[in-house]
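Colleague: I am new to this one. Could you walk me through it?

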Amino acid sequence: MTDDDLDQLIRDLKLGQPRAVRGPGARAACGTASGYRRHRANGESPCAACHQANTETQREHYHQGVKAPERLKQIAHGTLKGYKQHRYRKEQACTMCLEAARADSAARARTRRAKGNTQ
Ligand SMILES: [Zn+2]
Ligand SMILES: [Zn+2]
């Protein structure tokens, strides 16, 4: 392989790949917390894959700061926060919290549609 061939190969490979995750003009892949931040930074509603990834990342971070269970705060039932608290405790969310979570995701879907985001 000649040097020219090698250069061409490198160019081809770069063309087939997304741009770097960091730096100006960076485009993070969807389905990652970075992708979520990219959407937010661009003023977009994060797509479902990114939203999911970000939720999971936050949950992981949250877990890292876990104190003893008895020091957990009271669950804020009937709110999205309450729903997350249930999930965090690995228990079935109560009806009020499920309702709140459903309302939240419905509101998010409406926002997505309102912005004309087809994702
Ligand atoms: Zn995305
Ligand atoms: Zn609840």
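This is a predicted model: local features need pLDDT of at least 70, side-chain atom pairs count only at pLDDT 80 or more; totals for chains, interfaces and linings use all residues.

Colleague: Is E99 buried, exposed or partly exposed?
Modeller: Buried needs under 20% and exposed needs over 50%. The relative accessible area of E99 is 43%. So E99 is partly exposed.

Colleague: Which residue does E99 meet in a salt bridge?
Modeller: Look within helix α5, residues 95–114. The N to O distance is 3.1 Å, and the partner is R102.

Colleague: How far apart are the closest N and O atoms of R108 and D104?
Modeller: Both residues are in helix α5, 4 residues apart, so about one helical turn separates them. R108 is partly exposed at 31%, and D104 is partly exposed at 23%. They form a salt bridge, with the closest N and O atoms at 2.4 Å.

Colleague: Which residues are the protein donors of the zinc ion (ligand 1)?
Modeller: Their spacing in sequence is C-x8-H-x7-C-x2-C. The donors lie 2.0 to 2.3 Å from the zinc ion. They are C30 (SG), H39 (NE2), C47 (SG) and C50 (SG).

Colleague: What arrangement do the 4 donor atoms make around the zinc ion?
Modeller: Four donors count as tetrahedral if all angles lie between 85 and 135 degrees. Here the angles are 105 to 116 degrees, so the arrangement is tetrahedral.

Colleague: Are C47 and C50 buried or exposed?
Modeller: The cut-off for buried is under 20% relative accessible area. C47 and C50 are both buried.

How values were computed. Residues are numbered from 1 along each chain as its sequence is written. Chains are lettered from A and ligands numbered from 1 in the order in which they are written. Side-chain values use heavy atoms; hydrogens and water are left out. Donors are N, O and S atoms within 2.8 Å of the metal (3.2 Å for Na, K and Ca); water is not among the atoms, so sites may look incomplete. Four donors count as tetrahedral if all angles lie between 85 and 135 degrees; four count as square planar and six as octahedral if opposite donors are over 155 degrees apart and all others between 65 and 115; anything else is irregular. Buried means under 20% relative accessible area, exposed over 50%, partly exposed in between (1.4 Å probe, protein chains only). A salt bridge is a side-chain nitrogen of Lys or Arg within 4 Å of a carboxyl oxygen of Asp or Glu. Helices (H or I, at least four residues) and strands (E, at least two) are DSSP runs, numbered from the N terminus.
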